[in-house]
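Let's take a walk through this structure together. Keep the sequence and the 3D view open beside you as you read.

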Amino acid sequence: MNSTPTATLSTASLAASPASSPGGPSPGGSATDVAAFRRQMDEVVARIPMHAIRSVLDAVEGTPSPNGERARHLRDALVDHFNRLRPMKARRLFTSLFEPFLVDDPVLYRSAESVPALIQRVDMGGIWSALTRYAFPGLAAEVQSRLDGMAREAMLDAVLASPDAMAMRELMRKEALDFLYAMAGDRKLTDRFLALANDEAHHDAALRTQYLGRKAPIDGDLLGFVRALLEHNAVLVPLTERMRRDIDEMRMGDVQGAGDPRSAAPSSAIPSSAEVDCQSALMVGFVRRVRDLGLPFRDQSQLLAWFAPLYGLNVKRRYDVFLRHVREHGGPAVRESHPLLRALLCHFTAACTTIREVVDGMFGDMDIPNGEIGDGGVLSAPAPTRALLHEAVERFDRALTALSGTGFLASRSTGPALRAELAAVSRELTGTVMPALAARMQAAMNARHAPVPDHEDIVWLLELVWRWGRTLGAAGYANPELKSLRLYAVETGRLAFLQAMKAEPQERPAHRMAHMLRIRRLMAAMGETVDGWISPVSQGLQRVVYSYLETDGEIAGDEWAVIDAFVASVRSELSRSRNWQSADFVDILRLHEARRRAEA
């Protein structure tokens with residue numbers, strides 16, 4: 001059985017299958033029959049997607065079933081399957097104290113130091129491991145045992161929200177807080193604690209991302225922030241939840257006001273100036289509300305005083321709002337040691353390190369100077385690698401814009417270090433990416449009969465490199481090698497396109513069109529067009545266009561773009577030729593108009 005059940009399955013069908021068949025075991029029979037029925041229920045439940053289990057369980061509990069015994073076994077199988085995949089119940093309960101503040105950001109794994117007011121999930125996992133070793137090992141084991149017992153009959157989510165679980169969580173919170181305060185005076189214990197926490201966090205982070213060299217450490221500053229969150233958890237969690245909802249609702253409202261909300265997700269839409277103004281005002285309001293909480297939140301040299309803008313940067317990644325806040329409300333006290341600047345610098349250096357590590361990982365085994373990649377080698381960029389490098393380049397762009405806007409890129413104190421990072425990233429682009437890209441791009445353009453295996457990877461990397469180059473150019477690091485590569489690519493593409501238009505009599509028009517479209521995509525990745533290379537006197541292209549217009553087959557949008565460009569060149573040629581008209585050109589114009597009317 002290959003199909004996957006979903007939440008739309010009826011409760012009765014699940015309760016009756018597969019044991020409801022005439023020869024199936026009866027739950028009310030012998031113990032062997034009951035065990036066989038339960039095994040069959042486990043097999044059925046294992047094929048239900050995790051996101052649908054709650055819906056199916058609600059349906060089982062809310063719908064009267066003609067066979068209560070079968071429904072009970074089904075419910076038990078659902079609960080057991082859901083809870084079995086979440087074995088670390090005590091850790092989940094403890095870390096729920098920090099849920100609004102936790103992020104899983106592979107780019108920021110690579111920060112040179114811990115990011116102010118940022119707690120990664122892997123870091124909290126490492127801190128939990130150290131706490132269970134040094135702070136409350138007995139309590140952690142007891143909580144785990146009690147939660148295991150409570151979760152035998154109920155979903156873990158309901159168990160963790162129960163009054164008994166809240167009481168256990170409060171007990172762990174107090175024990176952890178007391179231990180962290182006491183540990184601050186014991187240097188040896190602190191070193192052992194941090195060593196264990198960092199080992200666990202690095203191991204988990206390496207499983208979550210590729211090409212991770214070193215990870216941002218868990219240090220005394222991060223432990224101090226964790227201690228502050230434990231101490232003021234009761235007031236900070238509701239305030240943070242409110243801030244998260246307000247930021248999301250305002251962002252969604254801006255997207256809906258700009259157009260169809262289904263056409264763009266909030267994270268991908270470009271924020272308007274009005275939306276940035278509103279978010280900035282919202283941030284100022286939350287800064288005041290945080291400082292109204294009491295004396296610990298008013299010391300502007302401490303993280304808690306700047307918790308709101310740091311939350312907007314670290315968790316919501318609003319670089320634009322963060323920049324506005326620093327420029328308008330940071331004041332003259334924003335210097336190199338200020339939490340706001342330190343956080344922004346960590347974001348920038350993490351993006352630079354991620355770019356270098358991913359590029360080295362992608363191209364490290366390729367002998368680029370000796371032409372290995374151009375002689376049969378191909379690029380390999382799996383989806384996780386693409387996502388990581390794309391995110392790193394985007395964050396590099398946004399962090400660099402924020403640093404430039406605050407004036408720190410031109411500062412005598414911070415500028416040299418930032419420019420050194422820019423130079424290192426530029427060298428990675430020039431020395432590693434561009435030679436490999438040039439070789440593969442030429443191979444892709446000259447692939448006449450079939451695309452090269454890595455054609456999609458080449459298009460993706462071209463788009464990324466040109467965005468990367470524009471960002472460097474805007475920062476004053478325009479890359480002459482990148483300009484030379486562009487000129488080389490355009491000339492190579494022009495020659496390849498002229499050859500692609502030459503259709504041999506035995507070639508199918510679809511093959512010629514596919515080759516031209518591949519070149520067109522490569523040029524579009526660099527912001528170039530092939531329309532200027534399309535000539536009305538190309539007999540091969542004329543045959544291809546005539547074949548497409550004459551047949552009744554569907555014409556795709558990109559194919560129409562080539563056909564329309566050819567027809568435009570034909571019209572231009574006929575407008576210059578006043579004393580004669582080509583019968584072939586006239587036929588193509590008539591066919592084009594007829595197909596366009598039919599498509600309309």
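Predicted model: local features only at pLDDT ≥ 70, side-chain atom pairs only at ≥ 80, totals over all residues.

The chain folds into 24 helices and 2 strands. Of its 600 residues, 48% count as buried. Contacts give another view of the fold: among those joining residues at least 6 apart in sequence, 75% link residues at least 24 apart.

Let's begin with helix α6, which runs over residues 121–134. Its 14 residues reach 20 Å from the first C-alpha to the last, close to the 20 Å expected at 1.5 Å a residue. The buried residues of α6 are Val122, Asp123, Met124, Gly125, Gly126, Ile127, Trp128, Ala130 and Leu131. Keep Asp123 in mind, as it returns below in the lining of the largest cavity.

Now move along to helix α17, residues 383–406. This helix has 24 residues and spans 34 Å between its first and last C-alpha atoms, close to the 34 Å expected at 1.5 Å a residue. Its buried residues include Leu388, Leu389, Val393, Phe396, Leu400 and Leu403, and Thr385 and Arg395 are among them too. What do the buried residues of α17 pack against? Their partners are α15 (319–329), α16, α18 (415–446) and α19. After α17 comes Gly407, with a positive phi near 90°.

Next, the spaces within the protein. The second largest pocket holds about 290 Å³ of space. It is lined by 17 residues, and those nearest its centre are Asp221, Gly224, Phe225, Gln302 and Leu303. Which helix supplies the largest share of this lining? That is α11, with 6 residues. Both α11 (220–231) and α16 (339–363) supply at least two residues each.

The largest cavity has a volume of about 70 Å³. Its lining draws on Leu108, Tyr109, Ser114, Val115, Leu118, Gln120 and Asp123, together with Lys215, Ala216, Pro217 and Leu222. Of these lining residues, 7 are nonpolar, 2 polar and 2 charged.

Two backbone details deserve a stop. Ala117 sits in the loop between β1 (102–103) and β2 (119–120). Its phi is near 65°, a positive value in a residue other than glycine. Is Ala117 buried or exposed? With 11% relative accessibility, Ala117 counts as buried. The other detail is Tyr211, in the loop between α10 (187–208) and α11. Tyr211 likewise is a residue other than glycine with a positive phi, here near 55°. Tyr211 is partly exposed, because its relative accessible area is 32%.

His455 belongs to helix α19 (residues 455–474), and it counts as buried because its relative accessible area is 6%. Leaving aside residues up to four places away in sequence, His455 touches Ala444, Arg518, Arg521 and Leu522. Past that helix, Asn479 lies in the loop between α19 and α20 (480–500). Asn479 is also buried, at 9% relative accessible area. Again not counting residues up to four places away, Asn479 touches Ser426, Leu429 and Thr430. The C-alpha atoms of Asn479 and Arg427 are 9.5 Å apart, although 52 residues separate them along the chain.

Finally, the cysteines. How many disulfides does the structure hold? The count is 0. Cys278 is partly exposed, with 39% relative accessibility, whereas Cys346 is buried, with a relative accessible area of 4%.

Methods: Residues numbered from 1 in each chain as written. Heavy atoms only, no water. 1 Å grid on protein atoms, 1.4 Å probe; cavity = no way out; pocket = protein on both sides within 12 Å on 5 of 7 lines; lining within 4 Å. Points joined across faces, edges and corners; volume = space filled by probe spheres on them. Helix = DSSP H or I, 4+ residues; strand = E, 2+ residues; numbered from the N terminus. Expected span 1.5 Å × (residues − 1). Buried < 20%, exposed > 50% of the residue type's maximum accessible area, 1.4 Å probe, protein only. Contact = heavy atoms within 4.5 Å. Disulfide = S-S within 2.5 Å. Nonpolar A, V, L, I, M, F, W, Y, C, P; charged D, E, K, R; others polar.
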